[in-house]
Amino acid sequence: MSVDAVVVTYNRVPKLVECLENLISIDNVAKIFVIDNASTDSTKDVLQEFSEKSAKIEVTRTKKNLGGAGGFNTGLKCFLDRGRSDFVWLMDDDTVPGQKSLALLLEGLHSLPKDRRGFAVGKTVWTDGNRTKMNIPVYADSDLSEFGDDIRTVKSASFVAILFPKETVAAVGLPIKEFFIWGDDVEYTSRITRFGFWGIEVQNAEILHKMGANNETNILNENENADRIERYFYDFRNRMYISRHEGLGRYIRTIIGRFFWAAKLVCLPTKFKARKLKILIKGTLAGFTFNPPVEKGE
């Protein structure tokens, strides 16, 4: 059974090389759509070498950095247009997949009724073997133990070696490219489960995520590089969109929660307080009117 992969990369050649070498070695992987988000390092040359070595590789280089959200949106379009497999495996360039994990994810999805197959994720771990804090799914209450002892239902999950059936992508559309970074995976997988599909975590399918540090996304911890603070605009804005689509109660709790965030920024020992508070306010205000369209999965 063949699977196509989508890998989004930006200026991380050593990690990209490890990711692609692993994917190429997996027999089930038929095609690898690599989205180069206008990298400024040697990524272009490295991908040219990979393309010459393996017919599996197809590279799309964007004209500008579209962020993870735009990259995955572009990658899924490539898959729908030119992919020949029934499943697509999404990941960033710092993910190290494996033959066993893919087989287990496929097995998990195939154990479900065909009309309920939404997505499957594995147990994501960091380089020290511990779970990656920012990739733990939001679990659901449904009991799917009849489909396997290692299967748990989830409401939303990260784009870290996540497996989708082609029919699911066609039914729910594409990730929202305007998210740029942060939250696009949560919004997309939440949309899938709201459509009535099941999301599952196959707990014995271990995925290595070689992110720089095993930390959660938290503006309070950005005390070394002030330039990174600007990125949290997308986090605050995008979460407003997500909560608005989860219902009025959730939306109101998110708005109230922003006052608690502001209090933390003022009272807790953190650097760049004024800059962080400005981004919090700017992102929250933008979130009230942020309503990008959902592209169809055609």
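Which residues does Ser 156 touch, not counting residues up to four places away in sequence? They are Phe 119, Pro 137, Val 138, Val 186, Thr 189 and Ser 190, where contact means heavy atoms within 4.5 Å.

The structure is a predicted model, in which local features need pLDDT of at least 70 and side-chain atom pairs count only at pLDDT 80 or more, while totals for chains, interfaces and linings use all residues. Residues are numbered from 1 along each chain as its sequence is written, and side-chain values use heavy atoms, with hydrogens and water left out.

**View 1**
Ser 156 is placed in strand E8, residues 151-156. Helices (H or I, at least four residues) and strands (E, at least two) are DSSP runs, numbered from the N terminus. With 5% relative accessibility, Ser 156 counts as buried. Buried means under 20% relative accessible area, exposed over 50%, and partly exposed in between (1.4 Å probe, protein chains only).

**View 1. Thr 193 in helix H6.**
Helix H6, residues 184-194, contains Thr 193. This threonine has 22% relative accessibility and counts as partly exposed. Residues up to four places away in sequence aside, Thr 193 touches Phe 119, Val 154, Lys 155 and Gly 199. Between Thr 193 and Thr 153 there are 10.0 Å in space, C-alpha to C-alpha, and 40 residues in sequence.

**View 2. Gly 122 in strand E6.**
Gly 122 belongs to strand E6, residues 117-125, and counts as buried at 3% relative accessibility. Apart from neighbours within four places in sequence, Gly 122 is in contact with Leu 105, Arg 131, Glu 201, Val 202, Ala 205 and Ile 207. Gly 122 and Thr 270 are 34 Å apart in space, C-alpha to C-alpha, and 148 residues apart in sequence.

**View 3. Glu 146 in a loop.**
The loop between strand E7 (138-139) and E8 holds Glu 146. Its relative accessible area is 67%, and Glu 146 is therefore exposed. The C-alpha atoms of Glu 146 and Ser 111 are separated by 9.3 Å, the two residues being 35 apart along the chain.

**View 4. Helices H8 and H9.**
Helix H8 (residues 248-267) and helix H9 (residues 273-289) have axes that come within 9 Å and cross at roughly 170 degrees. Axes are lines fitted to C-alpha atoms, for helices over the stretch in contact, and angles run from 0 to 180 degrees between N-to-C directions. H8 and H9 are therefore roughly antiparallel to each other, a term that applies to angles over 145 degrees. On H8, the contact is made by Tyr 251, Ile 255, Arg 258, Trp 261, Ala 262, Leu 265, Val 266 and Cys 267. On H9, the contributing residues are Lys 273, Lys 276, Leu 277, Leu 280, Thr 284 and Phe 288. The residues of this contact divide into 10 nonpolar, one polar and three charged. Here Ala, Val, Leu, Ile, Met, Phe, Trp, Tyr, Cys and Pro count as nonpolar, Asp, Glu, Lys and Arg as charged, and the others, Gly among them, as polar.

**View 5. Nonpolar cores.**
The largest nonpolar core has 36 residues, of which Leu 20, Leu 23, Ile 32, Trp 89 and Leu 163 touch the most other members. Such a core is a set of buried Ala, Val, Leu, Ile, Met, Phe, Trp, Tyr and Cys residues joined through side-chain atoms within 4.5 Å. Elements giving two or more residues to this core include helix H1 (13-24), strand E2 (29-36) and strand E10 (198-209). Another core, of 24 residues, lies apart from it, with Phe 33, Val 121, Phe 159 and Ile 192 among its members.

The whole structure has 16 salt bridges, each a side-chain nitrogen of Lys or Arg within 4 Å of a carboxyl oxygen of Asp or Glu. Lys 210 pairs with Glu 18, the closest N and O atoms being 3.0 Å apart. Lys 210 is in the loop between E10 and helix H7 (232-244) and Glu 18 in helix H1, 192 residues apart. Asp 36 forms a salt bridge with Arg 61, with 2.6 Å between the closest N and O atoms. Asp 36 is in strand E2 and Arg 61 in strand E3 (residues 57-61), 25 residues apart. Asp 36 is buried, at a relative accessible area of 1%, whereas Arg 61 is partly exposed, at 39%.

How values were computed: Parallel < 35°, antiparallel > 145°, perpendicular 65-115°, else oblique.
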